[in-house]
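Here is a friendly walk through one structure, from the meeting of its chains to a few local details of the backbone. Please keep the view open beside the text as you read.

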Amino acid sequence: MTNRRAATLKPTYQTVTTVSGPLLILDKVTDVAYNELVEITAPDGTLRRGTVLEAMRGRAIVQVFEGTRGLDTKSTRVRLTGETMKTAVTSDLLGRILNGSGTPIDRGPPIVPDDELDLNGAPMNPDARQYPREFIQTGLSVIDGLNTLVRGQKLPIFSGSGLPHDRVAAQITRQAKIPGKEEQFAVILCAIGITAETAQFYMKNLEETGALATSVLVLNLADDPPIERIITPRTALTIAEYLAFEQNMHVLVILTDMLNYANALREISAAREEVPGRRGYPGYLYTDLSSIYERAGRIIGRSGTITQMPILTMPGDDITHPVADLTGYITEGQLITSRSLHNKGIYPPVDPAPSLSRLMKEGIGEGHTRADHNEVQAQLYYAASEGSDLRDLVAVVGEGALSDRDRVYLSFIETFETQFLNQGEFEERTIEQTLDLGWEMLSRFPERELKRIDPETIEKAKNQQLYRYAPSASEVN
Amino acid sequence: MTTRIGTIQRIAGPLIEADGLFGVTMFEVCRVGAEELIGEVNRIVGDRAYIQVYEETSGLKPGEKAVATGTSLDVELGPGLVGSIFDGIQRPLPSIKEAVGDFITRGITADPLPVDKKWHFQPTMEKGTSVSQGDVLGTVQETSVFLHKILVPPGIEGKITQIVPPGDYTIREVIAQVQTATGKEDLKLTQRWPVRIGRPYKTKISTEVPLYTGQRVIDTFFPVAKGGTGAIPGGFGTGKTVTLHQLAKWADAEIIVYVGCGERGNEMTEVLEDFPKLKDPKSGKSLMERTLLVANTSNMPVAAREASIYTGITLAEYFRDQGYNVALMADSTSRWAEALREISGRLEEMPGEEGYPAYLGSRLADFYERAGRVQTLGTDYRVGSVTVTGAVSPAGGDFSEPVTQSTLRITKVFWALDKDMASRRFFPAINYLQSYSLYKDELVPWYQKKMGSDWPELTEESLSILQRDKELREIVQLVGPDALPERERAILEAARMVKEDYLMQSALHPIDTYCPELKSYWMLKIIMAFWQRMRQAIDEGIPLRRIIALPVVGKIARMKVQPHEDVKVMEQYFKDLENEINNEFISIEVN
């Protein structure tokens, strides 16, 4: 209580000297703290929020989240709060829709917070972390079989405009489960500058599956103030941390679209006239992004988890774009969608070759998925890369130049794409079905081609009728 | 050393400016604000000091005080280091967890080393002996494999007036007293050293022994010497961290210092969970008994990230001075360079290439120059080494960027990670045609002694096959494999064998993860023997199709998972395989 009273005693200033882009410069201030929250009253009486980006003696630079339209240097009033920015949290947030600053916008009852937590969180002590190992079944073969997701992982989808990343993400939220357990994920959908239409699509999807009651939607849509996008993901993750580590829930956070977040950061940086790094993004983009992505994981002794699935559309499908590049360096792998697979009608168009799940190795195998998982996926990867090399070759020299062995690989890659990768938007495959299908794909190869699989594993698969190689007539001769 | 108190004027991210600090020196440690956050002076203009702060600065206010302490950022060196995990400024993460819980807040002070723990000290010097800097006063058996030597700190010389008998002592107790020219000095089990200054040694000596890593592509083609430097640049997902973890696990150094600099929290957790369970192939003891971690993950304060590699290398030098071979891994130096860039940007310095400060190259050189094989201080002859391997994370995977280029100008080994190989799951994805090692020649005698006198020929031959393979593949891309004569298609087959059956190595397979010297030798010898026989057979007109259908081809593919604990059994296995190759070739040549 004393804190709150102290805060109300802080003075209000009417000393704005400059309004520039998203920034305000405030003069003649005393007792201003770096990063503190300020409340701005516009000449028309509306209330906005901002934080102190730079504190000097007698002067402060403030970023305004709801935009500076309508602010002036004459009658705009600014109040220092003496606190850093906080988010109200409670488990009653489940089922609610909030704006990017955490205020309800669904005409529901006001929120009675259990606690108010610092929006920026604090770095998790690496010594307190527990390594993620629990397999999440998404029902999609390309993910479960080849790029397995585990609880507490941060695995982004790198996509391009016009590709069905939203449908893939929605399918994952529908189907994600730990096989054999009844626990459900609480989903936090964090929309950062996406269209109302896309947000509606996600909402409808959650509603149809009855998951809306266990979801929190934090929405900053395309027509909402762009600078609010700086705090939108942090609001969502603060709520996620509360649900996971205080309320013991398994939380899946979808952050879409991180490009819009980075662009908001760039806008602030440009307004401050900072030295730009690559493509105009600030030099601290990596550090800043990591303060979002690292807020995922598990903690020793606490049963809740945070799994993150950020979505990022790469301008011009360029994976070397700074936002995609730095994201890839922080997250634990990436799923990359491919325009050419999409154009062939393959859904989900996730290209296995550049995709990767770094935490897969600990989450698969005996006791997690199935003993043969690692070898099957390694062999499928090998065969797919041979197959696509040959496809490139055939484009130049024609099929006539291929050997019999090459022809098998070429036919493999076709069925691999149309049968293994391709599946229905409402088709849910168990991990057993995915791996069995993998064996079916490999059954066209003789044993000596299966160099990535132990002979004992092959023997077992033969006995279980999973691996059924039948030599062709030409080979028998 | 007087303390001076200044007043904060400006706060912008990790950098603050404070007035009234006339006489403060560059890199002096300051305590900032009510919570006394730790910072270091980075620029001085008149009485104004620019201070980089090692903790989150939210809530600091202009007008609060900044106190110059008169000391430099230093580390405490002594028993208790091994097996620890520290943040960038040597605060143990477990102590931080105990103090504030699972999330790191600020303003925490923690003793770097356990102060209450008693160590069994065994003196090796007697009262009345004259000692000088670097002499061994006694030893502490710190872990079952590591003997910690207690050294006379640099700058101290004189006669021992007192030394304690063998017994259990804490790091705060005085264990000896030395009469120096200027007075009596109390010596304890620990000493302090500023992180930005390299610890002194007698002379640098030439490198002649490799850091054996058990990773075939490194040991065979691109070895790093003990005391050498290596860089491993690669885009994301190419396996930098896995390779560095493999080195930390299997390299034959006595002490490993792993610096996680601006990387993922879970990677540190992985080391903390895995290493205690893994056994050192040489000593058979847990790997954690020789490992230290410095972890400043990407979301921890950026200025402390800048300091973390200096903390790491100072720890490494301290063990070197005891006469040990130390290997330091820094993952990733690019994140360190970015921290440098961020602070430089806040200082409003004129940027060099891609916004990095103009002194990026010289700072990197300073760091890598602290590696080396040296004769240490001390009157007995001791040789120690620090090997430094740094990961580089080039933006967009483009090796022409400033951090990669500045690093390659200094380091002598370049392990180029290849995105294309990684996407084929060909690991380690070290490009065998682009990478290089400048130590290769000087290490030849060691390899000939350990592996076999024909080792240089075997490696040269296999590398030339890989080179030919690349050229032929370019032709195949244009005309198809059918257009190649059998002889050349045989080269493609031999290259496939070298790549898949030798270079490719699984970090996850319990046996394949580490390959001892003799096994590497035999594996390469077998493949080259097969290649020789294949070439002869082709000349005699035997079709390649029949050769690659030989049963022994499948056996060669599984050599890597052959157990190697019993050297005799292993050698017998390879000799049998050699015979099988001969017999099978004879059988097709007869038919």
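Strand S5 (residues 47–56) of chain A and S1(B) run antiparallel and are joined by two bridges. Within S1(B), B:Ile11 is the bridge partner of A:Ala55. Strands, with at least two residues of DSSP type E, and helices, with at least four of type H or I, are DSSP runs numbered from the N terminus; two strands pair if DSSP finds at least two bridges between them. In general, strands of a sheet pair through backbone hydrogen bonds, either parallel or antiparallel.

Before going on, a word on the basis: this is a predicted model, in which local features need pLDDT of at least 70 and side-chain atom pairs count only at pLDDT 80 or more, while totals for chains, interfaces and linings use all residues. Residues are numbered from 1 along each chain as its sequence is written, chains are lettered from A and ligands numbered from 1 in the order in which they are written, and side-chain values use heavy atoms, with hydrogens and water left out.

**Where the chains meet**

How many residues does each chain bring to the contact? Chain A gives 81 residues and chain B gives 76 residues, contact meaning heavy atoms within 4.5 Å. Between them the two chains bury about 6700 Å², 51% of it on carbon and sulfur atoms; buried area is the accessible area (1.4 Å probe) that two parts lose on being put together, summed over both.

Nine salt bridges are found across the interface of chain B and chain A, each a side-chain nitrogen of Lys or Arg within 4 Å of a carboxyl oxygen of Asp or Glu. A:Arg133 forms a salt bridge with B:Asp274, and their closest N and O atoms are 3.9 Å apart. On the side of chain B that touches chain A, at least two residues come from each of several elements, including strand S1 (4–12), helix H4 (265–274) and helix H11 (455–479) of chain B. The most comes from H4(B), with nine residues. By type, this side of chain B divides into 26 nonpolar, 23 polar and 27 charged residues; Ala, Val, Leu, Ile, Met, Phe, Trp, Tyr, Cys and Pro count as nonpolar, Asp, Glu, Lys and Arg as charged, and the others, Gly among them, as polar.

**A sheet in chain B**

Chain B has an open sheet of four strands in the order S12-S11-S9-S14, with antiparallel pairing. Strand S12 (147–151) and strand S14 (167–169) of chain B each have a single partner strand, so one side of each is left without a neighbour in the sheet. Strand S9 (residues 119–123) and strand S11 (residues 136–141) of chain B are joined by three bridges, and B:Phe121 has B:Val140 as its bridge partner in S11(B).

**Local details**

B:Ile410 sits in the loop between helix H8 (402–408) and strand S25 (413–414) of chain B. Leaving aside residues up to four places away in sequence, B:Ile410 touches B:Thr229, B:Gly361, B:Leu364, B:Ala365 and B:Tyr368.

| Cis peptide bond | Omega |
|---|---|
| A:Tyr347 to A:Pro348 | about -10° |
| B:Asp331 to B:Ser332 | near 5° |

A:Pro348 is in the loop between helix H9 (339–343) and strand S21 (356–357) of chain A, while B:Ser332 lies in the loop between strand S22 (325–331) and H6 of chain B. Finally, B:Phe27 is not a glycine, yet has a positive phi of about 65°; B:Phe27 belongs to the loop between strand S2 (15–19) and strand S3 (28–32) of chain B.
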